[in-house]
Amino acid sequence: MSQFAPPASLGPGDPNYVPDDGCDYLRQYQIMKRPPYFGTRGKKSKLNLNAFKIMNFPNMDIHQYDIMIGGDGTKRALVKKIWNSEQLQSRLGKDRDAIIFDGVRLAWSPYELPIGSQLSIMVDLDAGMDNELRKVMRDNTHRVVIRKAKCVPMNVLVQYLNKTIVFDKEVLLCLNFLDHLLRQTPTSRFVNIKRSFFQSTGARVLPGGVEAWRGIFQSARVAEGGRLLMNVDVATSVFWSEGSLPDLACRMLKFSTTEQLTDRFMREGPKGKVARELRKLKKIQFYCKHRNSDRPMENGDIRRKVYTVEGFCDTAENTKFERRIKNDKEGSTVSVSVRQYYEDCYNIKLKFPGLPLVKTRKKGEYYPMELCFVGPGQRYPYKLDDKQTADMIKFTVTRPAVRLNQIKDNVTQLDWAKDPALTRYNMQIDTKLLTTEARLLPTPQVKYGNEIITPREGKWDLRGKKFVAFPKKPINCWGFLVFNSPREMPEASVKNFIRTFVQTYAGHGGTIEQKQPPVFFADARKSVAANVFEFFKLVGNERNQKPDILMFVLATKSSQPYGDIKGYCDINIGIASQCLQTKHVLTAKPQYCSNVCMKFNAKLGGSTHYLEPKCNPLASMSGQVTMFMGADVSHSSPGHKKTSYASMCGTTDRQATRYAAVADTNGSQVEIIVSRNTIRFMMMLLRLFRMLTLAVPDRIFYFRDGVSEGQYDKIIDQEYADMVRACSGIQHTYRPFFTLTVCSKRHHFRFFPIDKHAMDKNSNPLPGIIVDRDITHPDKYDFYLNSHSALQGTSRPVHYQVLMDDNNMPTDSLQAIIYNYCYTYIRSTTAVSLVPAAYYAHLASARSRLHEGVEVEMYTVSSSDPLPYHDPEEVVPLKILHESIRPTMWFV
């Protein structure tokens, strides 16, 4: 067993110290190949999958062309119009209908186009227009350049599926072509977003001027067994509601009428709160109806010009400009308001001249807001609020039978057999669902302090169970702070909750010596920080010691004051905190108290339950110290700054149920954890493991969440290499064995059990259903595991991709480790959908965002760590976690 003595700091006084690797033994790994055998453990079970066999696909050479239309900023709608113009299409030969165009810069054809090596022409979209009219219009001529780029040899894909060649860039080119071929026809019928196609039929109106649309997802995938599959699923997305722009703004800003919006804007002006909120409407496309050119022509066609919202300015009443006096030979001008201009020129008397003007991308071009209409099919780019999210969940959640019927309906709508593009390229797809042989893994037993239980369908009852581990000392100093009025949350009700909670915790084996902790009410005149710090001092002074934990009763489940409370407790005073909702404190139900007890116990150093040793695949490997680690990188929600956040967690006990975690900013839109973070995180977690277990890990199982397929190589080349450097930085000869696995829920495969023994009462797959064939990768080591029981809707399995395995784990053993440890989630009595190491890393990443705005200069209990210096031009690092809670599960 390896031993090391952790040095006092990361390096020579530098908190961001990166040691010299000294790792000449570190070689370049390749992604692990699939073992020569499948897993065998578990009961065989048949499933239907939302995958369809591609029976035939083009195997001829496909000619790929680079397309340049206009400049870099040319809008897609204009690009489409230029591409479809007869002037251009007539130059592409008699087989032009066979051309696949991605709408941006690439095109493919089964025949070589008659353009030589390059075609360069000018396309005039106003050709044929009256010359007098053209004199007063802007030039509408655009340059188009088409160059022969390369040949896509589709027979390479056949060779790859037959395992005569390895995956390379040419195989990727083939799959990219198929992806665009599949989009060609649906794009003309639906609103296209990547591989999904949406329509407004059956849309659900959500609060805030948006609506949820259902759509079709389809994607071609290479699969085990030399197959090419079509994955079809249900997609959902949120779009802006079509209609009047003022109506949309009112719904977004929660005004009942346009008059209310107008009055508020006029009071606040163009720099007020309403004006700032209206910025969310930037980039929305709109049209107008007030001009002759916008009205229907004799044949019924409407050729409306589309504009893009660039911003908003002052009102139509206040905005004035110099207008030339009609028929004045001297060119005299008069100052008129926009309101007056529309009345004079268009005979339109604006109803709401107090609304802001809409600014477009063209300099000096503005339109009255009430004359603007939002076009359909524009995706909403921001994070949904709580009410929108709740309504969206109701819209998207469907039971397996309903979802399966929706998938079949999607296949009917796609109608592959009649798709002209697929027919032209001789592509044929079976419409029958793919059936596979899955396995139902044995359910592990979990151990409590007083009994061993076998879960049923991934769930068990906490009543009468005693936790397996508790804080080192009884709870002797704690208190309650209520962020609500005594009328809404009476002190007597809080004390009643305390009595029930103390009894419940005692029933689970815990000890609370201070049976009647003090109860305080927050001062609404003070900041959250001031309230928390004063509360911290009052509780500590009463018992003459630092509080063990602080309890907070909040009025509702909302981001504030929750965020500020957690931030100050984590950063400034280093105290475990637990927030409770008023409605639950008022009722004080034992089940709710039990759920809180699990979190309460975990934050103070205890554990809820362990795996029964005989169900732990690691227990048989005596003499080997094992550590589980998880990592995640997440990004800011749409509409916010583009900061990335990295987190890493690691076990701190030999049973692998308790974790410590660390997180920080990770640059801007960076998927891979940067070296500075990886090394610092790893060294800290290894030292905490050594401090709390008196051992060092010989084996590390590293679970990485949030990585796309294209980033797998970088996990090995960068993150793994940095972890090895961290080990070497602690002790030059320390070299644990690693197993690296990527976990992902970002896929569209779903399981529909056929065998009764493999399904629950809702026809969802039972926990433990695993698929490692048919839809898995042709040669990489991956599998899909459904480890949880779905509370609602259709369950989604997790995709596990094993990148490397120095530990040489047998397939059955590795799959059992991942599945069985899903039963060890510390704050739940259910198996979770994702291996806990990755789950905790995700929690830590989300919680760490609350540390961004914390002020550390005031209301602070000192920590030995200095504040880090950072360049103001860089992404600002998060505030340093208070040293007293670093070994704890502060993030649960």
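I began with charge and counted 123 positive and 91 negative side chains in the protein, with the centres of the two sets 4 Å apart. Lys and Arg count as positive and Asp and Glu as negative, while His and the chain ends are not counted. Each charge is placed at NZ of Lys, CZ of Arg, CG of Asp or CD of Glu.

I noted that this is a predicted model, in which local features need pLDDT of at least 70, side-chain atom pairs count only at pLDDT 80 or more, and totals for chains, interfaces and linings use all residues. Residues are numbered from 1 along each chain as its sequence is written, and side-chain values use heavy atoms, with hydrogens and water left out.

I then looked up burial: 53% of the 892 residues count as buried (under 20% relative accessible area, with a 1.4 Å probe and protein chains only).

Next I turned to the nonpolar cores (sets of buried Ala, Val, Leu, Ile, Met, Phe, Trp, Tyr and Cys residues joined through side-chain atoms within 4.5 Å). The largest has 79 residues, and Trp478 and Tyr840 are among those with the most contacts inside it. Helix α17, residues 590-603, gives this core its largest share, seven residues. Another core, of 44 residues including Leu206 and Phe265, lies apart from it.

Leucine 803 is buried, with a relative accessible area of 0%. Among the residues that leucine 803 touches are Met32, Tyr712 and Val742 (contact means heavy atoms within 4.5 Å).

Methods. Buried < 20%, exposed > 50% of the residue type's maximum accessible area, 1.4 Å probe, protein only. Helix = DSSP H or I, 4+ residues; strand = E, 2+ residues; numbered from the N terminus. Lists of a residue's contacts leave out its neighbours within four places in sequence.
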